[in-house]
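This report covers one protein structure.

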Amino acid sequence: MSFKETLSKAREQRGMTQQELSDKLYVTRQAVSRWENGETEPSVDMRKLIANVLDVPVIQLLDIDVSELCQCCGTPFTVPNMPHGTDADGEENIEYCKWCYDGGEFMYSSEEELIEKTAPFLMEATGMSQDEAVSFMGVLVPNLKHWQ
C-alpha cells in the first residue's frame, strides 16, 4: 500500500480529520491533504512523528517491501549487479548481499556499526543528507531479518 493510502486509512481508523492530524503534527491541513493526495511526501523524521501520533509502525509509512532487500543492510536487490552473499560452503545466500554476509560470516556486529559504515553509500546513491540517511536507516534496519 502506498504512503498516501496508508496515511489516509490510519487517520480515518482513528476517527481523525485532516485538521486534527495537522494540529497534532504542527503542520497545515493542506500539508496533510497534499500527502494524502500524493502531491508531496513528508520526510523520514515527519513520518516518525506521524507514526507516533497515529500509533502505527514507522516502517508501514515508508512504503517499502523489505522482502526485496538485503536482510542485513537494506540495499535493494534491484540494484544492477547486486551480488548475493555466500554461506560457509560457498553457496549463494539470496537473503543477504556480499557486503554484509560473505563465507557464512556477517560483516557488522551491531546496527549502529552498520548504519555508521553504510549511511555514506545511501547518501551518495540518493542525495540524502547524513541526518536523513541515518534517520531512514534507523527505521529500516531493525525491521530486517538479521537484526530481529
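## Largest pocket

Which element gives the most to the lining of the largest pocket? Helix α5 does, with six residues; helices (H or I, at least four residues) and strands (E, at least two) are DSSP runs, numbered from the N terminus. The model is predicted: local features need pLDDT of at least 70 and side-chain atom pairs count only at pLDDT 80 or more, while totals for chains, interfaces and linings use all residues. Residues are numbered from 1 along each chain as its sequence is written, and side-chain values use heavy atoms, with hydrogens and water left out.

The space in the largest pocket comes to about 550 Å³. Lining it are 21 residues, of which G74, T75, P76, F121 and L122 are the closest to its centre. Two or more lining residues come from each of α5 and α6. On a 1 Å grid over the protein atoms alone, a pocket is an open set of points where a 1.4 Å probe fits, with protein on both sides within 12 Å along at least five of seven lines, and lining residues have an atom within 4 Å of a point. The volume is the space filled by probe spheres set on the points, which are joined across faces, edges and corners.

## Helix packing

Helix α6 spans residues 130-140, and its buried residues are A133, S135, F136, M137, V139 and L140. Buried means under 20% relative accessible area (1.4 Å probe, protein chains only). These residues of α6 pack against α4 (44-54) and α5 (111-126).

In helix α3 (residues 29-37), A31, V32, S33, W35 and E36 are buried. Their cover includes α1, α2 (18-25) and α4. Just after α3, G38 has a positive phi of about 80 degrees.

Helix α1 covers residues 3-13 and contains T6. T6 counts as buried because its relative accessibility is 5%. Apart from neighbours within four places in sequence, T6 is in contact (heavy atoms within 4.5 Å) with M1, Q60 and L61.

## Cysteines

Zero disulfides (pairs of cysteine sulfur atoms within 2.5 Å) are found in a search of the whole structure. For C70, the closest cysteine sulfur is that of C97, and at 3.7 Å the two are too far apart for a bond. C72 is likewise in no disulfide, with the nearest cysteine sulfur, that of C100, 3.8 Å away.

C70 counts as buried because its relative accessibility is 0%. C72 is also buried, at 0% relative accessibility.

Technical notes
Buried means under 20% relative accessible area, exposed over 50%, partly exposed in between (1.4 Å probe, protein chains only).
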